[in-house]
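Student: Hi! Could you walk me through this structure?
Tutor: Happy to, let's look at it together.

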2 protein chains.
Amino acid sequence: MTSEFDLIARHFTRPTPSADLGIGDDAALLRVAPGHQLVVSCDMLVAGTHFLADAAPEALGWKTIAVSVSDLAAMSAQPRWATLALSLPAADEAWIAALASGVHACCAVFGIDLVGGDTTRGPLNLCATLFGEVPLGRATTRDGARPGDDLWVSGQPGRAALGLAHLLEGRSLAADHSGDCLEALHRPQPRLGLGLALRGVASAMLDVSDGITGDLRHILERSSVGAELDEGLLPLDGLVAACGDPSRALAAFLGGGDDYELLFTASPDERRQIAEIATRCGVPVHRLGRVTARAGRLQLRRQGDHVEALDANGYDHFRTVDSRSA
Amino acid sequence: MTSEFDLIARHFTRPTPSADLGIGDDAALLRVAPGHQLVVSCDMLVAGTHFLADAAPEALGWKTIAVSVSDLAAMSAQPRWATLALSLPAADEAWIAALASGVHACCAVFGIDLVGGDTTRGPLNLCATLFGEVPLGRATTRDGARPGDDLWVSGQPGRAALGLAHLLEGRSLAADHSGDCLEALHRPQPRLGLGLALRGVASAMLDVSDGITGDLRHILERSSVGAELDEGLLPLDGLVAACGDPSRALAAFLGGGDDYELLFTASPDERRQIAEIATRCGVPVHRLGRVTARAGRLQLRRQGDHVEALDANGYDHFRTVDSRSA
């Protein structure tokens, strides 16, 4: 007899050529390449906290894997395998099939075999664990930033926050920008190629899931440094064009979460190489400011050249999306 | 500023001497021993499906890790590391501290470093992923059972089901047995020593989470064999003593979930060695019957020597604990 449970599992079962043993036993068997470290990251996505309850299932499946790919990209690690645990309120097969197609689409793009998981009944919850490889000692961590380093970010942080405010609060967006902002929110593009190419170039790196100021705090803490952002360098034009309000654009850039861009530091000697890497990867990068010596101090140099302290608190998951503001 | 989020993370952060990099970066960095495969298992526990909403948090923390240790034991693999993702409805620090103490207690007993995870707000959900090691090609899988092999189980399956029925339906248990049954339900003891010792001895193995007949079905499918249980061999005396009803005892033994005992097959030539291993590990084992040639057929030979077909369906997680019966 085929149970609902079996039906669900079937949607998530695909061949796993890079695993010695995939789905179907008590555990998966994997072989890490000699001379490499195993890199593991785990993210849990909950309805109402990380996504809206009516999120489209295909995009949700994509995002469930993509946010962990972004973590591995930030370590300069190559993703290889994933497990996915699901709690679902009901066995709605069309919804589950769409979710699975998004999961498989993201796995296919980034070369990941889905090797195991768990499916159970309960409030909607998605927990992906991703396994990657990095040559021994070559991971880019958060603790290597040095005073004098440049501070960089990829892409256009802030779009996801504008998209969320548009959905939740009806805050208007220019018609030719709303699609981009919603795409950034619903279907983030992890910067894997960039993260791999920055191995040995970036001195510290992480992915921006909770907003630039909030996540930058982790680099400051782990590296025992400070940072100064220069407002004149920040890529705000696209956000201003989208929302029509410079201060709202700045807030979205500094405090908005969910963009999954890479925030990294590097010696000024690397500027030309970073520009070349960005061109090769097809991902714009923006220099935001510099790393300073005073541990934990995060500042913004405004256009008029006065300097403001920045609150380094990020998005706290104990607030829900419903209480978030852009 | 310390957020609720930081407070929670603090409870789950301990030194991770066996990891190259533990909690605090985008991902953990681990080194798998040369000549070994990585073994990965993932379990999601949801309130109302896997445990009662008022479960004691310390026992719940223990069980969250223990059920995945049991999966690795069934592969004859040594657990090394774990990640834990949590969704919590509120930041109740005393409750979280007790949960964390149960998690750490189980990790300490089985030599596991907690290397990462995620903490978020949402309906109570616990997702543990365990990572272990096994010498290349030496894992015990589900596909090695051969006709003529003996069928074995460790310990006393059925106690957790009697304990659950006692809690949910008020079904009486003998006073001197109820503690054992509730302990089996709330604080399962994964049979790691036994699982490791059976490497190369058992021809197939899994852990019994969903009931013997349900889980045995997985061995029958993967090994393309059948099985016949012999009622006269089944360890029912302890269950009869606990519940006072032979047919209820048999149902709990065959269909009850949540015991996390090891179900395995082995050549009859191994009987003496298995008895020695069981004695050495301090875990009783019981021979239940034998593996047969007819793929998928599962039978019970009753005391009067007539043979009955057994329904091979296990516990389906799309039924909740509230609808389970022993």
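**Strands, sheet and copies**

Tutor: Let's start in chain B, where strand β8 (residues 226–230) and strand β11 (residues 298–301) run parallel and are joined by 4 bridges. Keep in mind that this is a predicted model.

Student: Okay, and which residue stands opposite Arg301(B) in β11(B)?
Tutor: That is Asp230(B), which stands opposite Arg301(B).

Student: How many strands form the open sheet in chain B?
Tutor: There are 7, in the order β7-β9-β6-β10-β8-β11-β12, and the pairing is mixed. At the edges are β7 and β12 (307–309) of chain B, each pairing on one side only. On average, neighbouring strands of this sheet are turned by 25° against each other, direction ignored.

Student: Which helix packs on the sheet?
Tutor: Helix α2 (residues 57–74) of chain B does, touching β7 and β9 of chain B. The direction of α2(B) makes about 170° with that of β7(B).

Student: Let's stay with β9(B). How many of its residues are buried?
Tutor: Strand β9 (residues 261–266) of chain B has 6 of its 6 residues buried.

Student: And which ones point which way?
Tutor: Glu261(B), Leu263(B) and Thr265(B) point one way, while Leu262(B), Phe264(B) and Ala266(B) point the other way. In a regular strand, side chains alternate between the two faces of the sheet.

Student: What joins β9(B) to β6 and β7 of chain B?
Tutor: Strand β6 (residues 150–154) of chain B runs antiparallel to β9(B), with 4 bridges between them. Here Leu151(B) stands opposite Thr265(B). Strand β7 (residues 204–208) of chain B is also antiparallel to β9(B), joined by 5 bridges. In that pair, Met205(B) stands opposite Phe264(B).

Student: Switching topic: what about helix α9 of chain B, which residues are buried there?
Tutor: In α9(B) (residues 246–255), the buried ones are Arg248(B), Ala249(B), Leu250(B), Ala252(B), Phe253(B) and Leu254(B).

Student: And what sits at the start of α9(B)?
Tutor: A side-chain oxygen of Asp245(B) reaches to within 3.0 Å of the backbone nitrogen of Ser247(B).

Student: Last one: how can chain B be laid on chain A?
Tutor: By a turn of 180° and a shift of 0.0 Å along the axis, with an RMSD of 0.0 Å. The two copies are therefore related as by a two-fold rotation axis. The same surface serves both copies, as 100% of the contact residues of chain B recur in chain A.

How values were computed: Residues numbered from 1 in each chain as written. Chains lettered and ligands numbered in written order. Predicted model: local features only at pLDDT ≥ 70, side-chain atom pairs only at ≥ 80, totals over all residues. Heavy atoms only, no water. Buried < 20%, exposed > 50% of the residue type's maximum accessible area, 1.4 Å probe, protein only. Helix = DSSP H or I, 4+ residues; strand = E, 2+ residues; numbered from the N terminus. Pairing = 2+ DSSP bridges. Least-squares fit on C-alpha atoms with pLDDT ≥ 70 in both. Contact = heavy atoms within 4.5 Å. Axes fitted to C-alpha atoms, helices over the stretch in contact; angles between N-to-C directions. Polar contact = N/O pair within 3.5 Å; in protein donor to acceptor, adjacent residues only side chain to side chain.
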